[in-house]
Amino acid sequence: MDIKILKEAALKFGTPIYLYDLKIIENQFDKLNKELSVLENYKIHFAAKSLSNISILKFIKNMGAGLDAVSIEEVMIGLKCGFNKDEILYTPNGVSFKEIKEVFKLGVKINLDSIESIKDFVNEFGNQSITVRINPGIYAGGNDNVSVGHSESKFGIPEERIDELLDMEKKGKIMITGLHIHTGSDITKNNQFKEGIKKIFSIARDFKNIESIDLGGGIKIPYYKNDTSTNLNDYVKEISKELKKFELEFKKKLKLIFEPGKFLVSDCGFFITKVNYIKSTKTKDFLQLDSGFNHLLRPTLYGSHHEIINLSNPLGKKKEYDVVGYICEKDTFAEKRKISDTSKGDLLCFKNAGAYGFNMSNNYNSRLKPAEVCIHNNKILKIRETQSLNDLLLGQIDIF
Ligand code: LLP
């Protein structure tokens, strides 16, 4: 990304600001399609939870992707953006049956992740075709918070209860046409992917009506130089191997679904902030930004590393800083980070901020959420206003 454009956006629209380069999303989509093309029958469903600005969703829809939604709100936004009902897969976890019912009535595809919710579903709607999320009992993912496919996790139907599901199907109560797994995000080890793929294809053998397998998200992209990443070629080879075995044995073709979030939109995002002050102590220099973990939560919540560039002095001599926010508790973006010599007022940019950046932002300390802009056809376009005080007060009821 051209530093000039990042600076221009910050000058034009102010800081802090999220900027997304749509070309990068397109390139990532093409790259993934190229790798997956050997599989023939597959569909990419973008994980809306990672970045759900409607302009981004429409752009991604127009590239030909479907949508992975976890809430009725994501479903509604997806429909508003023009995704067809059958291009949205709704995978809730622990939501009320009322919500599941509403989504089903919208005609959107339902992917249930507990025997308990399936029982309610059968009671209400009788024998329907649905897909289900399985917990494969595999620990995979960059940290504990995002590792969701192991046996202690709340997600998916546990392996030991798959027989109950098969029994329901045998009795004609429900028809399972697809299986889904999502073991985690930032899956660093390729053999964890392999384990998941093997497991789900092996479980699929027992499901006579199966038409699709959804392998979820989790593809690891590098966040910094020499960071690990998923070897896509190996990943696809493993899928292809298991798929061929299955198709040969059962004489039927399966459709595959992928639900990338980070792979599609992490790289495209830049979060630009300004240095309010440089506060020096005996031991360190703090860069105090006009932002905090209310805008970019990943470093605080997961200890995630985002590369930081000083846009105002990109080639300056490197110095060590603690980069901190303005929130009223420990609010550290980076400790002992080497950044080009920084002055008050400089623009600092966080890379890889597209996925789970804005979407995890909040109003802690009654701070406003930042604007979002995108670069499309060489133009910088605003796609979300900075919040206003009125937005913060909206919906509050003054009883005095
Ligand atoms: N499918 C399902 C069912 C998911 O729950 C997720 C992410 C994805 C797909 C997309 O995973 P991805 O390709 O983005 O790894 N906030 C965390 C990540 C949480 C992921 C939650 N589920 C972070 O910032 O690292």
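Modeller: Domain bounds here come from an automatic or database domain assignment, and the model is a predicted one.

Colleague: How far apart are the centres of domain 1 and domain 2, taken over C-alpha atoms?

Modeller: Domain 1 is made of the segments 3–16, 269–353 and 370–387, while domain 2 covers 22–264. Taken over C-alpha atoms, the distance between the two centres is 34 Å.

Colleague: How many residues does each domain bring to the contact?

Modeller: A residue belongs to the contact if it has heavy atoms within 4.5 Å of the other side. Domain 2 brings 16 residues, and domain 1 brings 14.

Colleague: Which residues form the salt bridge between domain 1 and domain 2, and what is the N to O distance?

Modeller: The count between the two domains is one salt bridge.

Colleague: Which element gives the largest share of the side of domain 1 that touches domain 2?

Modeller: Polar contacts between the domains come to three residue pairs, both residues being at pLDDT 80 or more. Helix H11 (298–302), strand E17 (371–376) and strand E18 (379–384) each give two or more residues to the side of domain 1 that touches domain 2. The largest share, four residues, is from E17.

Colleague: By class, how many residues on that side of domain 1 are nonpolar, polar and charged?

Modeller: The side in question is the one that touches domain 2. Its classes are six nonpolar, four polar and four charged.

Colleague: Is Glu-238 buried or exposed?

Modeller: Glu-238 is found in helix H9, residues 232–250. Leaving out residues up to four places away in sequence, Glu-238 touches Lys-194, Ile-197 and Lys-198. Because its relative accessibility is 6% and the cut-off is under 20%, Glu-238 counts as buried.

Colleague: Which backbone nitrogen lies 3.2 Å from a polar atom of the side chain of Asn-365?

Modeller: Asn-365 lies in the loop between strand E16 (347–350) and E17, and counts as partly exposed at 30% relative accessibility. Its C-alpha atom is separated by 6.8 Å from that of Ile-327, 38 residues apart along the chain. Beyond four places in sequence, Asn-365 touches Tyr-326, Ile-327 and Cys-328. The backbone nitrogen at 3.2 Å belongs to Cys-328.

Colleague: Why are Glu-102 and Lys-98 separated by about one helical turn?

Modeller: These two form a salt bridge, with the closest N and O atoms 3.5 Å apart. Glu-102 is partly exposed at 39% relative accessible area, whereas Lys-98 counts as exposed at 59%. The separation is about one helical turn because both are in helix H5 (residues 97–105), four residues apart.

Colleague: How many residues apart are Glu-159 and Lys-199?

Modeller: Glu-159 forms a salt bridge with Lys-199, the closest N and O atoms being 3.3 Å apart. Glu-159 sits in the loop between strand E7 (157–158) and helix H7 (162–170), and Lys-199 in helix H8 (residues 190–204). Both are partly exposed, Glu-159 at 36% and Lys-199 at 23%. The pair links distant parts of the chain, 40 residues apart.

Colleague: Which parts does the pair Asp-341 and Lys-319 tie together?

Modeller: The side chains of Asp-341 and Lys-319 meet in a salt bridge of 3.9 Å, N to O. Both residues are partly exposed, Asp-341 at 33% and Lys-319 at 36%. The parts, 22 residues apart in sequence, are the loop between strand E15 (332–340) and E16, which holds Asp-341, and strand E14 (residues 318–324), which holds Lys-319.

Notes. Residues are numbered from 1 along each chain as its sequence is written. This is a predicted model: local features need pLDDT of at least 70, side-chain atom pairs count only at pLDDT 80 or more; totals for chains, interfaces and linings use all residues. Side-chain values use heavy atoms; hydrogens and water are left out. A salt bridge is a side-chain nitrogen of Lys or Arg within 4 Å of a carboxyl oxygen of Asp or Glu. A polar contact is a pair of N or O atoms within 3.5 Å; within protein, one must be able to donate a hydrogen and the other to accept it, and residues adjacent in sequence count only if both atoms are side-chain atoms. Ala, Val, Leu, Ile, Met, Phe, Trp, Tyr, Cys and Pro count as nonpolar, Asp, Glu, Lys and Arg as charged, and the others, Gly among them, as polar. Buried means under 20% relative accessible area, exposed over 50%, partly exposed in between (1.4 Å probe, protein chains only).
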